[in-house]
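My notes follow the display.

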Amino acid sequence: ENGASAMNAALQSAAVYFGAQALGNYVRAASAAEAAQRQLIVALQRTRNFSPEYLATLNDQADALERVTNFESEAVTTVQRLLISYRVAAKEVPALTRAVLDFAAANNIGAEQAGQLIGRALQGDEEELGRYRITLDLTKDRVTALREAIQRSSGGAAGATVPFPELREAA
């Protein structure tokens, strides 16, 4: 009986420890999500693109992409914020966001790093894109040229990194 009592106490201690760890992870994730959301709202306000409807559209996209890629919604929100900060037109942000995630996945870099690189390319700094063997069709506007070039080089890579996206969507 002493052995069973000791085992029960050990299991209870382990449950408390792992429960506290899980709670801590949840709180950190919620805090990161809240910070990403605040930063997105500030970027939308600074560029005079804020509306509750547009914010909801961007949040819906972030949630949807989290289900079908290996990127968390906070990473998607960060990419959206960066593109908005680089003055990408509101109607172009969703498609370019997906392209940035494809680029990140195909090149094994973080979403934020990819967003910054693409942002710099939007500003005219294409040197780094050349390292990834991406060339732009200069007969098109810069956003369209970037999106199409990324799609040619790495289209669909973000979704391809999820082995069973249908299982992730169900979760």
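**Ground rules.** I worked from a predicted model, in which local features need pLDDT of at least 70, side-chain atom pairs count only at pLDDT 80 or more, and totals for chains, interfaces and linings use all residues. Residues are numbered from 1 along each chain as its sequence is written, and side-chain values use heavy atoms, with hydrogens and water left out.

**Salt bridges.** I noted the general point that side chains of opposite charge can pair when their charged atoms come close. I counted a salt bridge where a side-chain nitrogen of Lys or Arg is within 4 Å of a carboxyl oxygen of Asp or Glu. The count came to 7 salt bridges.

I looked up Arg38 and found its side chain in a salt bridge with that of Glu34, at 3.0 Å from N to O. Arg38 and Glu34 are 4 residues apart in helix α1 (residues 2-46), so about one helical turn separates them. For helices I used DSSP runs of H or I with at least four residues, numbered from the N terminus. For accessibility I took buried as under 20% relative accessible area, exposed as over 50%, and partly exposed as in between, with a 1.4 Å probe and protein chains only. Arg38 is partly exposed at 48%.

I then checked Arg120, which meets Glu128 in a salt bridge of 2.8 Å, N to O. Arg120 is partly exposed, with a relative accessible area of 30%.

Next I looked at Arg142, whose salt bridge with Glu126 has its closest N and O atoms 2.7 Å apart. Arg142 is in helix α7 (residues 142-154) and Glu126 in the loop between α5 (111-122) and α6 (127-131), so the pair ties together parts 16 residues apart in sequence. Both are partly exposed: Arg142 at 29% and Glu126 at 28%.

**Helix α5.** I compared its length with the expected span, which is 1.5 Å times one less than the number of residues. The 12 residues of α5 should span 16 Å, and its end C-alpha atoms are 16 Å apart, which agrees. I listed its buried residues, among them Ala114, Leu117, Ile118 and Leu122. What covers the buried residues includes α3, α4, α6 and α7, taking contact as heavy atoms within 4.5 Å. Just after α5, Gly124 has a positive phi of about 110°.

**Lys91.** I found Lys91 in the loop between α3 (73-85) and α4 (93-107). Lys91 is exposed, at 70% relative accessible area. Lys91 and Tyr54 are 37 residues apart in sequence, with 9.5 Å between their C-alpha atoms.

Technical notes
Helix = DSSP H or I, 4+ residues; strand = E, 2+ residues; numbered from the N terminus.
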